[in-house]
Structure formats: structure tokens, C-alpha cells
Amino acid sequence: MVFFAIATSSFIGFGLTGKVLNGFEMFGLNEAQRKIMLTRSVNPKYEQCYTAGLDYRKPSDACTYHVSDPDWVVLGNSHGIELAYALAEKLKAFDTGVKHLTFNGCPPSFGRVVGVDGCSAWTQEAVDYIAHNDRLSHVVISYKTYLADVVRSRPSADDFRPANDAGRSKIWKSYVDTVKYLVAAKKNVIVVMQAPQLPKHVQAYIAAEPYDFTWVGALSRSQWDRSSAFILSRLGDLPKAATIINPAEFFCNQMTCAAVRNNIALYRDDQHMSVAGAEVIAAEIIRRTLGSPGRQTLGAAGEQ
């Protein structure tokens, strides 16, 4: 299975298009397209719960969902925002919730200094906070994993230029060290790889398809697998005790990866899962860790 870790760029907070659907975004769309656009949901607690910058919120003061003292935590950057909320909603059935520890624009930086204000200090504090909090038993790690090229923000079918190996190796080492540290602290660690990154904003795929939203493909599965090769070939570096979940197994079939599936937009932009997309991954996390029956797939993975 799979998982994992991050490029240093393209981590910006929501713009207006990430938070709300305004009239301009809906202009010219038919009724079917408008309905799909409304499923491009974001974490409704985004403004209250993310942190960033030198005046970051301390991990001990971070948001919690549903209970004041949860035993689950989501650690990462913007790629964990919707997942934290979706997982918390699923965990209601188990009478627990989630602590939300995400720092926008912050790549894995445990044990190293990066050029993002506050990022390295916050990461060290957050990881140590989790490791020494006996209540937190399950840690979900969710960062950007697209390292084919840390300069280019989107995959291209014609250009898979490798990123600087030394640079991305440092990122990967920090990620691996984070997982090892938390596993050594007796935490149940679940590593969630990045969902396949779309070549265009999800709105473009919704606008281009007039009626049939059963499966709206965005890029080939082989294209995404090639762009993720650096990570896929190094998953053995992670502790065997860690659970690894690859969203591509749920968002792709053998041929293509979808932007929209069974009338649900899986993304809120070109790379971050929507709450609805994150619910699919949250269900798999619970199935793999708590033994909850069933597997939420939005339909069989091989179907279009």
C-alpha cells in the first residue's frame, strides 16, 4: 500500500475559490454541473483550526473535534485539513474525536530547519507533544507526497523532470524520522499519501462534463504512479508497524484517476481532497485500525 510525504512549495491557504462558491464560479454551468460543484466541500472549521507563521497556535491549544480529550490526532499541512474533519465525523460512532495539528505551507521538517516561518519549531513541538501525550494513541500523518519535481506544482504527461535528489531526500528523511519517532513512542501511526494531483483545478473538469459524473477522469494512473515513483520505491524505509494508505487505490482504476466520481467531487482544488473525498480515506483508516466493517469506495475501483 502506500503513503506519504511532501514538496516544499504549493502550500498556500485557501483563496476565495477554496472557501466559497461565488457567482462567478457558477456562471455558465448547467444544473447538473452546479450540483457537483456544491460537493467540492472544505473543512467548515478551517478558519478556526489551521495555523501558520511565527505566531502559530501551540499544539496544546489546537482544535479538537467532538470531544475535549480525543485519542486521535491528524498531523501534517494543508493536505490534512479536510481529512481531520472527515475522520472526526466518522469517529463519532466510536465516541471519540480528533485533535487537529496542521500547519499550512509546512513540509516535513522534524529534525531539520526549513525556510517557512514557524514551520520547523512548530513541527518539533507538535511531534513531541504527540509522543508525550499518553491520551493520543492514533496518529494520522498527511502531507503532500508529490516529489517528482518540487518546482513544478502539477504533474505533466510530457515532463517528469526529477527534482533535486538531495533536496527531496532530506524531505523524505524527515518524514521517515517522524514516523519512526512516533512508532517508538508506542503510537499507532497511519501514513496517508497524497491523493493524485490533478493537472487542472477540479472546477475545470466539472465545467467540461455536461451531464455524466459517474467517472470524470483527470490523468492516467500510470502518469501519477510515475510522478510518485520516488516515494513508492522508498516505502520500505517506513517502520513495518506503520499503516500506509494510498488514496490512489480509491480514486483511480487501472487506467485513470478521477476528479469526480459517482456525482461527488473528490477534490476542493487541484490537489487537496474535498471533505467528501476525505471521507473515503477516513473510512479506510477506521477499517484498517478499528476493524469497522465495510469499505467506503464510492463504487468499485475498477468501474467508471
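Predicted model: local features only at pLDDT ≥ 70, side-chain atom pairs only at ≥ 80, totals over all residues.
Reader: Before we dig in, what's the average pLDDT of the chain?

Author: The chain averages a pLDDT of 85, and 81% of the residues score at least 70. Over residues 1-22, though, the pLDDT is below 50. That stretch still has 95 contacts in the model beyond near neighbours in sequence.

Reader: Where else does pLDDT stay under 50?

Author: Residues 297-304 are such a stretch. For them the model has 23 contacts beyond four places in sequence.

Reader: OK, on to cysteines. How many disulfides does a search of the whole structure find?

Author: The search finds 3. If you number the bonded cysteines in sequence order, the pairing goes 1-2, 3-4, 5-6.

Reader: Take Cys49. Which residue does a disulfide join it to?

Author: Cys49 is joined to Cys63, with the sulfurs 2.3 Å apart. The pair links distant parts of the chain: Cys49 sits in helix 4 (residues 46-49), while Cys63 is in the loop between helix 4 and strand 1 (64-65), 14 residues apart.

Reader: Left-handed or right-handed, that Cys49 and Cys63 disulfide?

Author: Left-handed, because the torsion about its S-S bond is about -95 degrees.

Reader: And are Cys49 and Cys63 buried or exposed?

Author: Both Cys49 and Cys63 are buried.

Reader: What about Cys106, which residue is it joined to?

Author: Its disulfide partner is Cys119, S to S 2.0 Å. Cys106 lies in the loop between strand 3 and helix 6 and Cys119 is in helix 6, so the pair ties together parts that are 13 residues apart in sequence. The torsion about the S-S bond of Cys106 and Cys119 is about 75 degrees, so this disulfide is right-handed. Both Cys106 and Cys119 are buried.

Reader: And Cys252? What does a disulfide join it to?

Author: Cys252 goes to Cys257, with an S to S distance of 2.1 Å. The Cys252 and Cys257 bond has a torsion of about 95 degrees, so that disulfide is right-handed. Cys252 and Cys257 are both buried too.

Reader: Back to helix 6. Which of its residues are buried?

Author: The buried residues of helix 6 are Cys119, Ser120, Trp122, Thr123, Ala126, Val127, Ile130 and Ala131. They cover an arc of only 160 degrees around the axis, which puts them on the same side of helix 6.

Reader: What covers those buried residues of helix 6?

Author: The cover includes strand 2 (72-76), strand 3 (98-102), strand 4 (138-142) and helix 7 (165-184).

Reader: How far apart are the end C-alpha atoms of helix 6, and what should it span?

Author: Helix 6 (residues 119-131) has 13 residues, so at 1.5 Å a residue it should span 18 Å; its end C-alpha atoms are 18 Å apart, which agrees.

Reader: Which way do strand 2 and strand 3 run, parallel or antiparallel?

Author: Strand 2 and strand 3 run parallel, joined by 5 bridges. Gly76 has Thr102 in strand 3 as its bridge partner. Strand 1 pairs with strand 3 in the antiparallel sense, over 2 bridges, and there Tyr65 has Val98 as its bridge partner.

Reader: New topic: what's the strand order in the open sheet of 3 strands?

Author: The order is 6-8-9, with antiparallel pairing. Strand 6 (215-220) and strand 9 (264-265) are the edge strands, each pairing on one side only. Strand 8 (residues 256-261) pairs with strand 9 over 2 bridges, and Arg261 stands opposite Ile264 in strand 9.

Reader: Last one, helix 12. Which residues are buried there?

Author: Val275, Ala276, Gly277, Ala278, Val280, Ile281, Ala282, Ala283, Glu284, Ile285 and Ile286 are buried in helix 12. At 1.5 Å a residue, the 16 residues of helix 12 (residues 275-290) should span 22 Å, and its end C-alpha atoms are 21 Å apart, which agrees.

Reader: And which residue follows helix 12?

Author: Gly291 follows helix 12, and its phi is positive, near 75 degrees.

Technical notes. Residues numbered from 1 in each chain as written. Heavy atoms only, no water. Helix = DSSP H or I, 4+ residues; strand = E, 2+ residues; numbered from the N terminus. Expected span 1.5 Å × (residues − 1). Buried < 20%, exposed > 50% of the residue type's maximum accessible area, 1.4 Å probe, protein only. Arc of directions from axis to C-beta. Contact = heavy atoms within 4.5 Å. pLDDT = per-residue confidence, 0-100. Pairing = 2+ DSSP bridges. Disulfide = S-S within 2.5 Å.
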